[in-house]
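Here are a few notes to go with the model you asked about. Have it open while you read.

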Amino acid sequence: MTVVRVKGEDMIAVKDASSELKAYFESLSRSKGRDITYTVRTYGCQLNESDSEKLEGMLISFGLKKCEDSIPDLVILNTCSVRENAEDRLFGNLGEFKAAMREDSDRLLIVCGCMMKVKENVDRIKKSFPYVDLVFDPQNLHRFPVLLLQKIKRHKQLTDISIDDYIADDTLLDIRRQRKFRALVPIMYGCNNFCTYCIVPYTRGRERSRDYELIMKDLKDLSDAGYKEIMLLGQNVNSYTAYDKPYFPQLLRDAAEKFDFKRIRFMSSHPKDISDEVIDIMASHDNIEKHLHLPLQSGSDRILKAMNRPYTKEKFLKTAMRFREMISDGSLSTDIIVGFPGETEEDFLETLDVVKKVGFDSAFTFQYSPRPGTVAAKMEGRLSPEVMRDRFSRLLEIQNDLAYRSNQAKVGKTEDVLIEGESSGDSNVLTGRTSSFHLINFTIPDELKIEGYSSNDYEGMMCRVRFTEARPYSVDGIMESFI
Ligand code: SF4
């Protein structure tokens, strides 16, 4: 695993291009007599969200304003290639923009993200969507200003897909955080695991860990800036390496002990890599979230082998049980794929067995869909849609019941909640998360309300909430005090 390198000359070119873009957009704004606006639509995982925050930071530095309603002057679609439906959505969305792009020749439509690492997708854009202005991949993210400027000067579609694994370090980029209390902090990029169903190692490249000191500097800056929550991100955070040795436990401990964060989260952990030490550190630090996301994918040893996931059902159960034992009020979530090629009823029952034994508090469940370019896409033994649907709904029924029970177990308790803002659909209700990542919707008694505050003004504050009623995917409550 190599440490992320920073090419100094690249960053000088980026700075120069950014200055030129700022001047270009200022002049466009003057000629149109209004602000120049942008929107960034993000598909997929938190790493994509983190990339979008960097793109937004750059757009804001060019003087663009975020657009909430009408069609903006610049649109970025940051794509994901993990699931087939995300790809279908992208091509559907591109069609939507055709008329708008014809209407205004200054308008810019940009597509980036993991899907752009798949040649067929780039070819399809070139052939069927000539009005897309710029296409680039995640490895080229830091060069976005250079590419955008080239495109504006050349007036024709520009495609720039890198062939190496190079990524510039985040520290050099302006970031526009989506939430004022939460910061996403990538600690590593890429993946070496090559699970046979997954396209990520081909789109995000091999594992590269960020420099430890730079991560610490980011954490200090974020702590000084008052961020309450950080999320350490990577495709496989437990593979984080510094000073030529595995270093995630130390990184987690330092993040918890050296700074003033209320909540520290991390995502994702591969079951083959997570150590007892990490669970012990979680148990012994109150500011590390009591929630572990541990992707099971399948409970059958045979299918795990076919997926190239080098752990067994027994090992997974051992890790999950240790977590339950050490952090009794914690929660476990997972990812499960139903209908991997060759999955028999017995294999599926093994998965259900793990689900019931662990009692996951929540789960992301998927029906297998082949990703072109992966090993599994060429495997025989594809399941019929009927069998797939039947297994999926049986799994869902069990998992929904487990999630509801997990919410029910909260009723009657009082816990710390980090407020995320107004609950969707009711401006009198606030929403937030417990340390175990349970979603809480709650009201504030009149005597605790802060004069002049709207619901969203409470975002990022901590409070104590008494839980009153469980719902399928959340818990209702009443605030008792601010903390
Ligand atoms: S660990 Fe497996 S599923 Fe996760 S990103 Fe790597 S290859 Fe994909």
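1. Start with helix 12 (residues 313–326) and helix 13 (residues 345–358): in this predicted model, their axes come within 10 Å and cross at roughly 15°. Angles under 35 degrees count as roughly parallel, so helix 12 runs roughly parallel to helix 13. The crossing of the two is right-handed.

2. Who makes that contact? From helix 12 you have Lys-313, Phe-316, Leu-317 and Ala-320, and from helix 13 Glu-350, Val-354, Lys-357 and Val-358. By type, the contact of helix 12 with helix 13 splits into 5 nonpolar and 3 charged residues, with no polar ones.

3. Next, the cores. The largest nonpolar core has 96 residues, and Val-185, Ile-187 and Ile-230 touch the most other members. Helix 6 (residues 144–154) gives the most to this core, with 5 residues. A second, separate core has 13 residues, among them Leu-418, Val-465, Val-475 and Met-479.

4. Leaving out residues up to four places away in sequence, Ile-187 touches Ser-209, Arg-210, Ile-215, Leu-232, Leu-233, Gly-234, Val-237, Tyr-240 and Leu-251.

5. Last, Leu-108, which sits in strand 5 (residues 108–113). Is Leu-108 buried or partly exposed? Leu-108 counts as partly exposed because it has 19 C-beta neighbours inside 10 Å, and buried would take 20 or more. Setting aside residues up to four places away in sequence, Leu-108 touches Asp-73, Leu-74 and Asp-133. Leu-108 and Met-326 are 218 residues apart along the chain, and their C-alpha atoms are separated by 52 Å.

Note on methods: Residues are numbered from 1 along each chain as its sequence is written. This is a predicted model: local features need pLDDT of at least 70, side-chain atom pairs count only at pLDDT 80 or more; totals for chains, interfaces and linings use all residues. Axes are lines fitted to C-alpha atoms, for helices over the stretch in contact, and angles run from 0 to 180 degrees between N-to-C directions. Helices (H or I, at least four residues) and strands (E, at least two) are DSSP runs, numbered from the N terminus. Angles under 35 degrees count as roughly parallel, over 145 as roughly antiparallel, 65 to 115 as roughly perpendicular and the rest as oblique. A crossing is left-handed if the near helix is turned anticlockwise from the far one by less than a right angle, and right-handed if clockwise. Two residues are in contact if their C-beta atoms, placed from the backbone, lie within 7 Å. Ala, Val, Leu, Ile, Met, Phe, Trp, Tyr, Cys and Pro count as nonpolar, Asp, Glu, Lys and Arg as charged, and the others, Gly among them, as polar. A nonpolar core is a set of buried Ala, Val, Leu, Ile, Met, Phe, Trp, Tyr and Cys residues joined through C-beta atoms within 7 Å. A residue is buried if 20 or more other C-beta atoms lie within 10 Å of its own, exposed if 12 or fewer, and partly exposed in between; C-beta atoms are placed from the backbone.
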